[in-house]
Amino acid sequence: MSVPASITLEIESLNVEETEALGAALGAQLDPGDVVCLEGDLGAGKTALVRGVGRGWGVLERVTSPTFTLVHEHRRTQDDRVLYHVDCYRLERAADAWSLGLEEMLHSTDNVVLEWPERVAEMLPDGRLWIEFEIGDDTRRTLRVSASEDRYAHLIEALRSRVAG
Ligand SMILES: Nc1ncnc2c1ncn2[C@@H]1O[C@H](COP(=O)(O)OP(=O)(O)OP(=O)(O)O)[C@@H](O)[C@H]1O
Ligand SMILES: [Mg+2]
């Protein structure tokens with residue numbers, strides 16, 4: 001699916017706090033069913049962003065790296081919605097994703113944030129926000145954000161306003 005130029009955004013993050021703040025701006029605006037894909041090398045800052053997403057969305061406990069569990073499930077009290085934080089790094093085959101119940105998560109009214117989404121490419125819905133992280137000098141990270149459908153454009157706007165201050 002082609003992405004209209006108007007719904008892409010490139011952001012420079014200078015430190016981990018900035019990445020978390022971007023995540024929080026995003027998390028606060030997630031609509032039911034929104035899916036966010038985070039692509040980037042080891043240590044790029046995907047989990048850091050998810051920490052912010054959790055904060056903005058309303059996770060009470062600390063969001064940690066799902067190193068031993070592939071799926072972290074957070075439920076918030078106000079509307080009983082669930083935020084799934086899924087790390088696909090160690091998924092060997094699509095069959096593993098099936099057994100995790102990923103398909104249902106991705107097509108529910110809950111929110112899903114995926115690290116290493118390219119490992120489950122064939123399972124991803126057409127509609128999603130995609131953020132590609134590039135590691136730069138020192139603590140600089142470039143985040144390239146794109147929306148595959150209009151319904152995700154407001155998330156890009158939320159990030160744009162955050163960057164504009
Ligand atoms: N601008 C930045 N944004 C995010 N993290 C940064 C930034 N600068 C430095 N860091 C550091 O980079 C590391 C990012 O780690 P994080 O666990 O978020 O990466 P990840 O992309 O989730 O990696 P993995 O693929 O291993 O899960 C942290 O140690 C963080 O402090
Ligand atoms: Mg991570």
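**Exercise 1. Helix H2**

How many residues does helix H2 (residues 46-57) have, and how far does the helix reach from its first C-alpha to its last?

*Solution.* This is a predicted model, in which local features need pLDDT of at least 70 and side-chain atom pairs count only at pLDDT 80 or more, while totals for chains, interfaces and linings use all residues. Residues are numbered from 1 along each chain as its sequence is written, chains are lettered from A and ligands numbered from 1 in the order in which they are written, and side-chain values use heavy atoms, with hydrogens and water left out.

Step 1. Helices (H or I, at least four residues) and strands (E, at least two) are DSSP runs, numbered from the N terminus. Helix H2 has twelve residues and reaches 16 Å, close to the 16 Å expected at 1.5 Å a residue, where the expected span is 1.5 Å times one less than the number of residues.

Step 2. A residue is called buried under 20% relative accessible area, exposed over 50% and partly exposed in between, with a 1.4 Å probe and protein chains only. Nine of the twelve residues of H2 are buried, so the helix is largely enclosed by the rest of the structure; among them are Lys 46, Thr 47, Leu 49 and Trp 57.

Step 3. Just after H2 comes Gly 58, which takes a positive phi of about 120°.

**Exercise 2. The magnesium ion**

Which residues coordinate the magnesium ion (ligand 2)?

*Solution.* Step 1. Donors are N, O and S atoms within 2.8 Å of the metal (3.2 Å for Na, K and Ca), and water is not among the atoms, so sites may look incomplete. The magnesium ion is coordinated by Thr 47 through OG1 and by Glu 115 through OE, at 2.1 Å.

Step 2. This pair links distant parts of the chain, since Thr 47 belongs to helix H2 and Glu 115 to strand S5 (residues 111-115), 68 residues apart.

Step 3. Thr 47 is buried, with a relative accessible area of 14%, and Glu 115 also counts as buried, at 4%.

**Exercise 3. The shell around ligand 1**

How many residues surround ligand 1, and which are the closest?

*Solution.* Step 1. A residue is near a molecule if one of its heavy atoms lies within 4 Å of it. Ligand 1 is surrounded by 17 residues, of which the closest are Thr 19, Gly 43, Lys 46, Thr 47 and Thr 139.

Step 2. The largest share of this shell, three residues, comes from H2.

Step 3. A polar contact is a pair of N or O atoms within 3.5 Å. The side chain of Thr 19 has an N or O atom 2.6 Å from a nitrogen atom of ligand 1, whereas a polar side-chain atom of Trp 116 lies 3.0 Å from an oxygen atom of the ligand, and one of Arg 141 lies 3.1 Å from an oxygen atom. Taken alone, ligand 1 exposes 650 Å², and the protein buries 74% of that, with areas computed by the Shrake-Rupley method with a 1.4 Å probe.

**Exercise 4. Two aspartates**

Where is Asp 80 found, and is Asp 138 buried or exposed?

*Solution.* Step 1. Asp 80 is found in the loop between strand S3 (71-75) and strand S4 (82-87); although not a glycine, Asp 80 has a positive phi of about 65°, and this residue is partly exposed, with a relative accessible area of 47%.

Step 2. Asp 138 is found in the loop between strand S6 (129-135) and strand S7 (141-147), its phi is positive, near 50°, and Asp 138 is exposed, with a relative accessible area of 75%.

Notes. Polar contact = N/O pair within 3.5 Å; in protein donor to acceptor, adjacent residues only side chain to side chain.
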